[in-house]
Amino acid sequence: MDPHTHHAVAVGGPSRQHPHAPAVLVDIEAGDFVAALSDAITSTTWPRFGWPASLPIARLPDKGAPRALFQPIHRRFNLILFDTHCEVFGAPRLDPKKIESSGFVVRRWAGPDDLNGQAIADPHNWQAWQADGWRALPSAAAFDADPDPARRPTPRTGNPGVDARLAALRAVHPAEAVNPLHALMPEVCNAARRSLLYGLVPTSEALRKPNNAAVDYSAVRTPGSPARDSFMAHLSPYLSRASIRPLPGADARFDATWLNGSEPVDASEPDSGDSAAMREQFAAFIRQLAFEFDINGRGTSLRLLLDELLIGRNITTFGVTTRVAIGGAAFLQACVHVATDVDAGGVDIPDDFGPVPDGWLDRFTNAALTVLEGRAAEARTLEGRFDDAEALYAIRAFVRVRGEPGCPTRLVWSDMTPLYRVAPWFASTGTPQARIALPAFDRASLAAMKPNVAFDVPPGLANLLMRNKPEDFMKKPKAGSEIGLGWLCSFSIPIITICAFILLNVVLSLLNLVFFWLPLVKICLPVPKKK
């Protein structure tokens with residue numbers, strides 16, 4: 001047997017002591033990031049063995065707090081860089097022809113907030129991006145398995161029947177999303193004396209996968225959990241009072257004017273005893289039933305519970321006052337109609353409301369969560385790989401090395417890179433700004449800007465615009481009608497941009513009275529112009 005037919009192969013970054021060290025994560029601001037990376041490598045003197053002490057290019061630190069990687073919208077690019085070499089004396093470079101294929105996976109941290117080495121090394125603390133989104137890795141074997149299920153070895157006994165039975169019983173971990181790796185140009189690798197591979201780190205995702213629901217309420221269903229306590233605390237006090245409470249405006253009528261108060265409050269605002277505040281609190285209670293729990297629509301199942309809350313009227317007969325109480329569901333339904341239907345009439349307000357029975361709030365919370373879960377399923381959102389700005393990620397690279405004749409291909413993994421997060425799109429990078437030229441603001445210039453975009457306006461919107469003057473929209477505009485003609489209205493995009501720019505400056509100036517933000521959000525420099 002040839003003694004050189006097989007030896008171990010390592011995939012990793014710059015570490016002489018650790019052959020499977022994580023790949024280097026570099027940050028490049030240039031558009032031609034491959035050329036910038038190649039120049040950084042060829043301009044550095046590489047030692048005969050291993051990597052140079054440093055490269056003239058920004059890289060992700062190995063220690064410290066997780067750093068944020070920017071997105072392509074920021075005109076910043078992040079690359080991983082590593083080499084493949086043989087695990088023999090001197091760690092010689094691996095012949096590129098030995099590499100059958102290569103790639104890297106991005107995994108999301110799902111472990112504890114304490115980022116200690118033991119937790120990071122635990123495969124159960126990581127998630128993989130699969131066909132249906134981020135999913136937990138079920139075992140250490142899945143953590144190290146080939147991302148492509150078709151390439152994973154299967155146990156064989158030599159008996160076809162037994163092998164088929166074993167294959168049927170074996171749990172197959174789904175495919176994991178793989179990002180491509182590329183070999184640097186031969187002249188670059190020769191200058192470094194290494195077989196170098198690089199890959200573009202994804203920090204944004206055009207493709208989206210539908211979530212199971214827009215919101216996950218499972219934690220709120222756990223008794224005593226902080227999430228449940230927080231949810232119950234946001235409910236109106238009308239849903240938790242253990243005593244009878246007089247209603248504001250008793251013997252008056254609840255109508256749309258109650259919903260347009262000068263000082264609206266949150267539904268969970270505590271009792272104050274002030275009549276105006278009590279009125280605002282009751283209006284907030286009705287808004288919560290109408291818009292959050294939709295008791296006249298998807299939340300009709302809550303009416304039976306609401307009917308256990310009594311409304312009372314004080315009836316005086318021969319000088320004796322008696323409280324007559326009935327279920328409050330019909331009254332609350334009528335109030336919700338006022339909040340949701342423009343033509344709804346007013347509702348007579350009884351004298352008092354309550355009390356809430358023992359244990360009722362827990363039962364209402366569970367029933368309300370069922371309603372919200374149904375609404376969340378209808379309002380499903382599309383999930384991108386890197387939508388969560390608080391999530392932490394790490395990269396693990398791999399190569400598939402061709403074996404000698406008669407030997408299978410070997411899968412070789414690197415270690416995980418340091419943790420990082422993805423910066424949100426609005427993050428500032430300090431890079432040069434994009435410059436947008438506005439046209440001259442004079443009649444001759446504006447007249448030369450012919451319409452270059454057309455809006456197809458339906459009859460309802462066209463009638464709304466035609467029936468109202470600009471100042472009408474600041475009051476109560478007349479409703480449009482679907483009867484009539486639609487219109488095709490053409491505009492000039494540069495003029496639309498000028499209008500938007502003027503309105504932007506007006507709004508910034510108005511809100512500056514509150515935020516004092518003009519020195520931060522608007523920086524204007526004088527530009528000399530030739531006459």
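Author: Two strands count as paired if DSSP finds at least two bridges between them, and both helices (H or I, at least four residues) and strands (E, at least two) are taken as DSSP runs numbered from the N terminus. The model is predicted, and for that reason local features need pLDDT of at least 70 and side-chain atom pairs count only at pLDDT 80 or more, while totals for chains, interfaces and linings use all residues. Residues are numbered from 1 along each chain as its sequence is written, and side-chain values use heavy atoms, with hydrogens and water left out.

Reader: In the pairing of strand β15 with strand β16, which residue of β16 does L310 stand opposite?
Author: Strand β15 spans residues 310–317 and strand β16 spans residues 320–327, and the two pair in the antiparallel sense over 8 bridges. L310 belongs to β15 by its number, and the residue of β16 that stands opposite L310 is G327.

Reader: Which residue in the hairpin of β15 and β16 takes a positive phi?
Author: There are 2 residues between the strands of this hairpin. A positive phi, near 55°, is taken there by F318.

Reader: How many of the residues of β2 are buried?
Author: Buried means under 20% relative accessible area, exposed means over 50%, and partly exposed lies in between, with a 1.4 Å probe and protein chains only. From β2, V24, V26 and I28 point one way while L25 and D27 point the other way, and all are buried. The strand is thus described as mostly covered, and the count of buried residues is 5 of 5.

Reader: Within what arc do the buried residues of α1 fall, seen down its axis?
Author: Helix α1 runs over residues 33–42, and its buried residues are F33, L37, S38, A40 and I41. The buried residues line one face of the helix, because the directions from the helix axis to their C-beta atoms fall within an arc of 160°.

Reader: Is R193 buried or partly exposed?
Author: R193 has its place in the loop between α5 and β11, and its phi is near 60°, a positive value in a residue other than glycine. With a relative accessible area of 42%, R193 is partly exposed.

Reader: Is D294 buried or exposed?
Author: The phi of D294 is near 50°, which is again a positive value in a residue other than glycine, and D294 lies in the loop between α7 (275–292) and α8 (303–306). Since its relative accessible area is 16%, D294 is buried.

Reader: Where does P355 lie, given that the peptide bond from G354 to P355 is cis?
Author: The peptide bond from G354 to P355 has an omega near 0°. In the chain, the place of P355 is the loop between β18 (352–353) and α10.

Reader: What distance separates the C-alpha atoms of A379 and A214?
Author: A379 is found in the loop between α10 (360–378) and β19 (382–383), and its relative accessible area of 41% makes A379 partly exposed. A379 and A214 are 165 residues apart along the chain, yet the separation of their C-alpha atoms is 5.6 Å.

Reader: With which residues is N463 in contact, leaving aside its neighbours within four places in sequence?
Author: N463 has its place in helix α12 (residues 459–467). A relative accessible area of 15% means that N463 is buried. With the neighbours within four places in sequence left aside, the residues in contact with N463 are G480, S481, E482 and I483.

Key. Contact means heavy atoms within 4.5 Å.
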